[in-house]
Amino acid sequence: MITRTSISVQAVTTATWPEQLRDAIRDPQLLLKTLGLDSSLLPGATQGHALFSIRVPHAYLARIRHGDPDDPLLRQVLPIGAETDAIEGFVTDPLAEAEHTPRPGLIHKYHNRVLLIGSGACAINCRYCFRRHFPYGDNLPSKAQWQDILDYIRSDSNIIEAILSGGDPLASSDKRLAWLADELASITHLKRLRVHTRLPVVIPERVDSHLLAWLSRSRLQKIMVLHINHANEIDEAVRTACQRLKEAGVTLFNQSVILRGVNDSVPALAALSEALFEAGILPYYLHAFDPVAGAAHFDVGDDEAIALVDALRAELPGFLMPRLVREIPGENSKTPLF
Ligand code: SF4
C-alpha cells in the first residue's frame with residue numbers, strides 16, 4: 001500500500017530546490033493529515049503555529065515515520081501548545097545578539113570573526129530555534145548596506161573568518177551568494193568562509209552545480225556546519241550532497257542541540273555521531289539548550305546533558321565525541337560544560 005508519505009517522496013525527486021521551498025507544508029492540519037496523525041494534536045499545533053509558523057519541505061517529511069507522534073524528526077517541526085507557555089528565564093534573545101550588531105545584518109561577538117545574516121528565510125522552521133524571535137526584518141541589508149558591511153570587514157584586519165548564517169543563508173539565490181562570496185574573497189586578510197545551514201539536510205537537492213560553482217572557485221577555505229540533530233535526518237540523498245560538497249573542497253562539521261524527545265539518550269547521540277561520520281561529517285559541537293521563549297519543553301538541563309555526554313564516552317571513539325558547550329552572552333568563546 002502506498003502511503004501519503006511515499007507519494008511525497010516520489011514528488012520531491014523531480015522537483016528543484018526552489019520548487020521544494022515553495023511547496024513546503026505550511027499548514028498544521030495538512031501536516032497531521034499527510035503523516036496520518038491524530039487530529040487531537042491540531043489545537044496545540046495551531047496555537048504554536050500562530051507564534052512561529054510551520055514550514056516542512058517534502059524531502060524532510062519523507063523521513064518522518066507515518067503515524068508516529070513521537071518521531072524525533074516530527075518533534076523538531078510540529079508546533080505544540082506548550083510553546084505558548086511563559087517560562088521564567090526563557091527569553092526572546094537568549095544570546096543577547098542585539099548588543100553585538102554594529103550594522104544591520106552583521107553580528108560581531110568574537111574579535112576575529114563576524115557573522116553575516118545571509119537570509120531571513122529558512123527551508124524548515126525548527127521549533128527549538130534560538131532565533132525564532134529574531135528581527136529579520138531589521139537585519140536584511142540592502143546592496144548599499146552590504147557594501148558598508150564589507151567595508152567594516154575590510155577595515156579590521158583582525159577579522160579572518162566570515163560566517164554566513166541566518167535564517168538559512170542557502171535559502172538565498174546562488175547569484176546573490178556568489179556575489180557575496182567573491183566580495184569576501186577579495187578581502188585579503190580573510191582566510192575562511194564558514195556557512196551554517198540546514199538546507200543540504202532538509203532539501204539535499206540544494207547542493208546543485210550552481211552552489212558548487214561559487215564554492216569551488218573561492219580562494220577562501222570553505223567550511224560548512226550542518227545542523228543535524230538525529231541520525232534519521234541522514235539518508236542517501238544527504239550522503240550524496242555531502243560527498244559533492246567535499247569534492248568542492250568544503251570541510252564538513254556538524255553541530256547539534258541536545259533536545260528533549262529528539263536526541264536525549266546515549267543510543268540516539270551515539271547513532272548520530274556514527275551516521276555523521278559515515279556521511280563524511282565530523283561531529284563538532286553539542287549545544288546545551290539556549291533558553292529561547294516558546295521552546296522550554298526541549299530543555300534537558302545542564303546536569304542531564306553532562307551525564308549523557310559522560311556516558312556517551314563509553315560508546316564512541318574520541319574523534320566522534322562532540323564537545324558539549326553553552327554559549328553565554330558576553331563570553332569570548334563557547335563555554336565547555338564537560
Ligand atoms: S535558523 Fe536554523 S534552526 Fe532556526 S529555524 Fe532556520 S534552519 Fe531551523
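How closely do the axes of helix H7 and helix H8 come, and at what angle do they cross? In this predicted model, the axes of H7 (residues 143-154) and H8 (residues 174-185) come within 11 Å and cross at roughly 25°. Angles under 35 degrees count as roughly parallel, and H7 and H8 are therefore roughly parallel to each other. Their crossing is right-handed.

**Two neighbours of H8**

On the H7 side, the contact is made by Lys143, Trp146, Gln147, Leu150, Ile153 and Arg154. H8 brings Arg176, Trp179, Leu180, Glu183 and Leu184 to this contact. Sorted by class, these residues give 6 nonpolar, 1 polar and 4 charged.

H8 also meets helix H10 (residues 209-217), and here the two axes come within 10 Å and cross at roughly 5°. That angle makes H8 roughly parallel to H10. From H8, the residues taking part are Asp174, Leu177, Ala178, Ala181 and Asp182; from H10, they are His210, Leu211, Trp214 and Arg217. The classes in this contact are 5 nonpolar, 1 polar and 3 charged residues.

| Helix pair | Axes come within | Crossing angle |
|---|---|---|
| H7 and H8 | 11 Å | roughly 25° |
| H8 and H10 | 10 Å | roughly 5° |

**The sheet and the helices across it**

Now to the strands. An open sheet of 9 strands runs in the order E1-E2-E3-E4-E5-E6-E7-E8-E9, and its pairing is mixed. Strand E1 (106-110) and strand E9 (335-336) stand at the edges with a single partner strand each, so one side of each has no neighbour in the sheet. Further in, strand E5 (residues 221-226) and strand E6 (residues 250-257) run parallel and are joined by 5 bridges. Leu226 stands opposite Asn254 in E6.

H8 comes back into the picture here: this helix lies across strand E2 (113-119), strand E3 (161-166) and strand E4 (192-197), and runs at about 160° to E3. Helix H11 (residues 236-247) lies across E5 and E6, with an angle of about 135° to E6.

**An aromatic pair**

How many aromatic pairs does the structure hold? There are 6. In one of them, the ring centres of Tyr128 and Phe298 are 6.0 Å apart and the ring planes stand at 90°, so the pair is edge-to-face. This pair links distant parts of the chain, 170 residues apart. Tyr128 sits in the loop between E2 and H7, while Phe298 belongs to the loop between strand E7 (282-287) and helix H13 (302-312).

Terms used: Residues are numbered from 1 along each chain as its sequence is written. This is a predicted model: local features need pLDDT of at least 70, side-chain atom pairs count only at pLDDT 80 or more; totals for chains, interfaces and linings use all residues. Side-chain values use heavy atoms; hydrogens and water are left out. Axes are lines fitted to C-alpha atoms, for helices over the stretch in contact, and angles run from 0 to 180 degrees between N-to-C directions. Helices (H or I, at least four residues) and strands (E, at least two) are DSSP runs, numbered from the N terminus. Angles under 35 degrees count as roughly parallel, over 145 as roughly antiparallel, 65 to 115 as roughly perpendicular and the rest as oblique. A crossing is left-handed if the near helix is turned anticlockwise from the far one by less than a right angle, and right-handed if clockwise. Contact means heavy atoms within 4.5 Å. Ala, Val, Leu, Ile, Met, Phe, Trp, Tyr, Cys and Pro count as nonpolar, Asp, Glu, Lys and Arg as charged, and the others, Gly among them, as polar. Two strands pair if DSSP finds at least two bridges between them. Rings of Phe, Tyr and Trp (its six-membered ring) pair if their centres lie within 6.5 Å; planes under 30 degrees apart count as stacked, over 60 as edge-to-face and the rest as tilted.
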